[in-house]
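Here is a short report on one model. Look at the sequence and structure first, then read on.

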Amino acid sequence: MKKEFVYKRFERFWHWTQAALILFLALTGFEIHGAISFFGFEQAVTFHRTAAIMFLVLIAFAIFWHFTTDEWKQYLPTRKHLRAQFEYYISGIFRNAPHPTKKTVLSKLNPIQKLVYLALKILVIPVMVASGLLYMFYRYPQKQGIGSLNIDSLEKIAVVHTVGAFFLAAFVIAHIYLITTGRTVTSNLKAMITGFEELETEHTPAEVHHTAGTK
Ligand code: HEM
């Protein structure tokens with residue numbers, strides 16, 4: 001095992017700020033929806049709008065970071081080990097089977113994470129942003145423009161936005177469970193806080209030979 005620097009400073013900042021904003025947007029959003037009561041409706045609307053704008057600013061910085069560091073490549077989907085990873089989550093994990101995918105600095109996501117995170121980035125979050133902005137500006141001069149998109153009532157926008165919110169809430173619950181399934185219960189969490197994680201070193205054939213000889 002070797003301690004590696006896996007999550008860079010901006011990456012950790014983005015991850016935790018995004019987590020806090022999504023939780024806050026869910027809390028205020030479900031209050032606007034009428035499912036819970038916490039701040040009061042009017043406050044919830046103000047808070048939701050402010051947090052949404054912060055989220056948009058964060059997204060802009062995150063897009064810039066992903067492209068300037070080439071980190072977007074981490075999310076390119078692959079079928080390699082996809083099935084093995086799936087079987088691991090539904091059965092191997094309960095038998096203490098080894099992780100099918102080895103985490104490295106250059107490939108830190110397993111094939112299921114790659115797929116799910118990619119879907120969040122190119123589908124769920126854009127749908128939330130687009131429906132949220134349509135919701136925000138529906139009643140204003142832009143209404144003309146929205147009419148040309150064939151959206152005749154706020155209800156459709158609200159339904160899309162709420163369905164997206166349920167997806168995000170389900171993701172957060174699954175994510176919190178899955179972070180406990182790393183090498184140890186807290187290793188993933190600690191890595192996202194400190195940036196460092198103990199990873200299995202990849203041995204060159206010469207090293208493997210050497211280790212085998214010393215056993
Ligand atoms: C940039 C992103 C977002 C924008 C621009 C946005 C905007 C809005 C707006 C304008 C409303 C209507 C309340 C109002 O008049 O202010 C709303 C409602 C709502 N939002 Fe968001 N939102 C965003 C992200 C999110 C996220 C990430 C969640 C959940 C995780 C969420 C959950 C909700 C829910 C549940 C409602 C109530 C829907 C209803 O019942 O009609 N929103 N949002």
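## Iron site

Histidine 48 counts as buried, because its relative accessibility is 16% (buried is under 20% relative accessible area, exposed over 50%, partly exposed in between, with a 1.4 Å probe and protein chains only). Histidine 161 is buried too, at 14%. Both residues are protein donors of the ligand's iron atom: His48 (NE2) and His161 (NE2) lie 2.0 Å from it. Donors are N, O and S atoms within 2.8 Å of the metal (3.2 Å for Na, K and Ca); water is not among the atoms, so sites may look incomplete.

Histidine 48 sits in helix H2 and histidine 161 in helix H6, so the pair ties together parts 113 residues apart in sequence.

## Basis of the model

The model is predicted: local features need pLDDT of at least 70, side-chain atom pairs count only at pLDDT 80 or more, and totals for chains, interfaces and linings use all residues. Residues are numbered from 1 along each chain as its sequence is written, and side-chain values use heavy atoms, with hydrogens and water left out.

## Overall build

The protein has eight helices and two strands. Helices (H or I, at least four residues) and strands (E, at least two) are DSSP runs, numbered from the N terminus. The order from the N terminus is β-α-α-α-α-α-α-α-β-α. Of the 215 residues in the protein, 32% are buried.

## Helix H3

Helix H3 (residues 82-90) has Gln85, Tyr88 and Tyr89 as its buried residues. They cover an arc of only 95° around the axis, so they lie on the same side of H3. The arc is that of the directions from the helix axis to the C-beta atoms. Arg83, Phe86 and Ile90 are exposed on the other side of H3.

## Positive phi in two loops

Aspartate 70 is not a glycine, yet has a positive phi of about 70°. Its place is the loop between H2 and H3. Aspartate 70 counts as partly exposed, at 39% relative accessibility.

Asparagine 96 is not a glycine either, and has a positive phi of about 60°. This asparagine is found in the loop between H3 and H4. Asparagine 96 is exposed, with a relative accessible area of 73%.
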